[in-house]
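Colleague: Before I use this model, I would like to go through the labels on it. Please show me the chain, and I will ask what stands behind each term.

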Amino acid sequence: MEERRTRAKPIPAADRRAAIVAATEALLVEHGSATTTKLIAEAAGVAEGTIFRHFRDKREIYCAVAENVFNPSSTAHVMAEVVEGEPDIEGKLRAVIDLLAETTQRNLIIMMSVRSALAEAAGHDGLRPPGGSPNTLIEANKTLIDDLARLVFEPHAAELRLTPWKAAMVLRSLTIGAWLPGLNRTNQPLKSEDVIDVLLGGILNRETP
């Protein structure tokens with residue numbers, strides 16, 4: 001007997017778009033740039049044609065995923081939650097480093113998949129996107145550094161040799177930068193305590209011989 005496809009229940013367009021974006025995000029983590037609109041439709045519980053009533057093409061879906069993953073307001077909200085109640089700078093650093101460790105690997109896998117797909121696929125206008133990092137990623141990076149400076153370092157500015165913004169740049173470089181190769185948390189070259197030790201103590205042995 002032929003299996004009949006069940007039509008997706010009608011929901012507001014914004015909710016349908018959000019469901020498609022969420023399904024695509026999970027698929028990009030699992031399948032990377034091999035993700036197809038057929039897979040997206042199955043995961044979102046809609047017909048494939050429904051996708052193109054909400055997005056002009058695959059490129060537009062992927063851009064929406066990138067905007068969702070690197071949403072600066074969401075990142076700032078979560079960061080504020082994890083540092084809340086941490087009275088000293090060491091506690092704040094440990095909290096945000098652990099947060100970045102949790103999100104960096106997943107976000108970078110998604111971003112690489114998005115960039116690969118955008119580079120390969122022409123958009124609805126038949127034009128290939130320009131090279132370089134998408135504006136979404138550039139703005140998210142700027143906001144991340146501003147949030148690290150504001151939430152982690154500014155409350156302890158009197159204790160620092162560097163400005164809060166420079167300290168945030170160092171923290172960002174030591175965490176996200178060090179974890180790029182391999183993107184493997186279990187093989188992470190710098191542990192949270194290593195980053196804290198370098199940030200707060202430097203790398204020189206200052207003990208008197």
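Predicted model: local features only at pLDDT ≥ 70, side-chain atom pairs only at ≥ 80, totals over all residues.

Colleague: What makes up the chain, helices or strands?

Modeller: The chain has nine helices and zero strands. Read from the N terminus, the order is α-α-α-α-α-α-α-α-α. Of the 209 residues, 35% count as buried.

Colleague: Why is T24 called buried?

Modeller: The cut-off for buried is under 20% relative accessible area. T24 has 0% relative accessibility, so T24 counts as buried. The residue sits in helix α1, which covers residues 13-31.

Colleague: Which residues does T24 touch, leaving out those up to four places away in sequence?

Modeller: I40, I61, Y62 and V65. A contact here needs heavy atoms within 4.5 Å.

Colleague: What makes up the largest nonpolar core?

Modeller: The set holds 24 residues, and I20, I51, Y62 and V114 have the most contacts inside it. Elements giving two or more residues to this core are α1, α2 (37-44), α4 (58-69) and α6 (89-120). The most comes from α4, with six residues.

Colleague: Why do you say that this core lies between domain 1 and domain 2?

Modeller: Because domain 1 (11-55) and domain 2 (70-203) both give residues to this core, it lies between them. Apart from it there is another core, of 21 residues, including I89, L151, L171 and I176.

Colleague: What does V114 touch, not counting residues up to four places away in sequence?

Modeller: V114 touches L28, Y62 and A66.

Colleague: Where does the label "DNA-binding region" come from?

Modeller: UniProt places that feature at residues 36-55, in an unreviewed entry. Such annotations may be inferred rather than shown by experiment. In the model, the span 36-55 is 75% helix and 0% strand, and its end C-alpha atoms lie 14 Å apart.

Colleague: What is the volume of the largest pocket, and which residues are closest to its centre?

Modeller: The volume is about 630 Å³. Of the 27 lining residues, V69, F70, T75, T103 and N107 are the closest to the centre. Two or more lining residues come from each of α4, α5 (72-83), α6, α7 (135-153) and α8 (164-177). α6 gives the most to this lining, with nine residues.

Colleague: How do you know where empty space is left?

Modeller: A probe the size of a water molecule is rolled over the atoms, and this shows where there is empty space.

Terms used
Residues numbered from 1 in each chain as written. Heavy atoms only, no water. Helix = DSSP H or I, 4+ residues; strand = E, 2+ residues; numbered from the N terminus. Buried < 20%, exposed > 50% of the residue type's maximum accessible area, 1.4 Å probe, protein only. Core = buried A, V, L, I, M, F, W, Y, C linked by side-chain atoms within 4.5 Å. Domains from an automatic or database assignment. 1 Å grid on protein atoms, 1.4 Å probe; cavity = no way out; pocket = protein on both sides within 12 Å on 5 of 7 lines; lining within 4 Å. Points joined across faces, edges and corners; volume = space filled by probe spheres on them.
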